[in-house]
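Grab a pencil and work through these exercises with the structure open beside you. Try each task before you read its solution.

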Amino acid sequence: MLDLQFIRDNADCVKTAMVNKGIGDGALVDELLRADEERRSLISATQETQTESNAAAKAIGALMKEGRKDEAQEAIAKSSKLKERLKDLEDTQKQAQERVEALLLEIPNVPHESVPVGRTPEENEIAFEWGTFPSFDFEAIPHWEILDHHSMADFDRGSKVTGAGFPFYTNEGAKLQRALINFFLDEAVAAGYMEIQAPLVVNEDSARGTGQLPDKEDLMYEAQRDGLYMIPTAEVPLTNLHRDEIFAEDALPIRYCGYTPCFRREAGSYGKDVRGLNRLHQFDKVELVHFVRPEDSYDALEQLREHAEQLLQKLELPYRRLLMCTGDMGFTQAKKYDLEVWSAAQKLWLEVSSISNFESFQARRMMIRYRAEGEKKPRIIHTLNGSGLALPRIVAALLENHQQADGSILLPEALQRYFGADRVGATG
RNA sequence: GGAGGGGUGGCGGAGCCUGGUUGAACGCACCGGUCUUGAAAACCGGCAUACCUUUACGGGUAUCGUGGGUUCGAAUCCCACCCCCUCCGCCA
């Protein structure tokens, strides 16, 4: 959420941001400002009455001590009346407060000035492309056929045991998963990230902290009986790790990496482009998270992006980098890149990483702060995260781009020692 | 799952039975100052967070796990929930 004071001072800027993000016409901002004015006047009124009441109670205490019972009784009677008024004021003030908070949660983050204004995915800026498309002297086979051919995954039994979108990985398929996870984690640790193994379910406060709640509850599987949510990404536990904390300045930056399965309901997304590994309810991902000082967050964003791109280059996968336009970047982000790999048989781009700077938007809600050298008041930090990387589509791209005429898949050199062989399906 | 104990400021730790200048003793840590050639010690002072208000200085309100309640007044009494610890049981 945004700083209320910031919205007060920059109402027009926030309205423009909402329009550019395609979230309403900014009328919400005026509504919020009105509600806030009401809230503040109610707070003042309540506090005045409270002051009066506190003073009265103190005076009664003094009278009782001195044994002046009659005077105390008189004061008590007077104070009781005050209390009724206070109760009413407190109730309306609380309502006003809740209203402001609810409205505040509906105001999206303001895009960074470098973000292109646009409404649709077509208006995302293709900022960079790397690698060349493979050329085959045979018909390129889609990854689901390759998986089947080498018995690397079992979708049918996954459907039987759990449901669509929950495949089993088998044989070399399972081993390839493990190889990729280790590769991604080792690369992250070498780049200075601390490895974390996080809980796979989180409570409601955490889901709210990173912005999955309210609004996006359809995204998550829920263990209703216990009030817990299965994580849609490791971003949720890794960022909430420091909820309600105040860092010393020299503790920053903090950089975490974590592997977790991710669970997404993906309600209503059935149809095309969901074949094979394109879109699953459960998938594996290594996530990268940064906690940084505000002045460092845009450098951190580029570092994060650079790290993720390095992984794709080491995997020898042609990819492109998109700078997301205002309309396609989401509610909580200030700036976001997507990395997409080329799927050589499907002949389409698959998103494998999403790298975002949230500035203070998440951290404010989670009250993650730091004390700047020589400053009394703690400041809100900036948070960022990025995938490094999401597995299924990487597997799809590896299989499709690196397939050989003999049906085997030649693995990129960086991955071979993790996989323990130079190719998948060596025996044909 | 059963029985008991406990959650207080950056940390430790009083206060709770017997409600009344207790936002909270005391100690440690930390910051500033005096002293000192320098340091240590000693001494003096400062040292939570959010919000409201004020041009500013300042003033005010709330917060002792969380949320309700009792009361003129709650860290202190009552209820619910969450978390931690010890013992027993069960179990990877």
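**Exercise 1.** Sort the residues of the surface near RNA strand B into nonpolar, polar and charged.

*Solution.* Keep in mind that this is a predicted model. Start by collecting the residues: 25 of them surround RNA strand B. Now sort them, and you get seven nonpolar, eight polar and 10 charged. Among the closest are Lys 94, Arg 369 and Arg 371, and those count as charged. Ser 44 and Ser 79 are also in the closest group.

**Exercise 2.** Find which parts of RNA strand B meet the protein, and which elements supply the residues.

*Solution.* Look at the RNA side to begin with: sugar and phosphate make up 70% of its atoms that come within 4 Å of the protein. Next, pick out some polar contacts:

- Lys 94 places a polar side-chain atom 2.6 Å from a phosphate oxygen.
- Thr 51 has a side-chain N or O atom 3.2 Å from a sugar or linking oxygen.
- Ala 57 uses a polar backbone atom, 3.0 Å from a base nitrogen.

Then turn to the elements. Helix 3 (27–66), helix 4 (69–104) and strand 14 (369–371) each give two or more residues to this surface. Helix 3 gives the most, with 12.

**Exercise 3.** Explore the largest nonpolar core and find what Phe 184 touches.

*Solution.* The core has 53 residues, and Phe 184 is one of those touching the most other members. Helix 7 (residues 171–190) provides the largest share, eight residues. Skip neighbours within four places in sequence, and the contacts of Phe 184 include Val 286, Leu 311, Leu 315 and Ile 394. Finally, spot a second, separate core of 20 residues, including Ile 7 and Phe 331.

Notes: Residues are numbered from 1 along each chain as its sequence is written. Chains are lettered from A and ligands numbered from 1 in the order in which they are written. This is a predicted model: local features need pLDDT of at least 70, side-chain atom pairs count only at pLDDT 80 or more; totals for chains, interfaces and linings use all residues. Side-chain values use heavy atoms; hydrogens and water are left out. A residue is near a molecule or strand if one of its heavy atoms lies within 4 Å of it. A polar contact is a pair of N or O atoms within 3.5 Å; within protein, one must be able to donate a hydrogen and the other to accept it, and residues adjacent in sequence count only if both atoms are side-chain atoms. Helices (H or I, at least four residues) and strands (E, at least two) are DSSP runs, numbered from the N terminus. A nonpolar core is a set of buried Ala, Val, Leu, Ile, Met, Phe, Trp, Tyr and Cys residues joined through side-chain atoms within 4.5 Å. Buried means under 20% relative accessible area, exposed over 50%, partly exposed in between (1.4 Å probe, protein chains only). Contact means heavy atoms within 4.5 Å.
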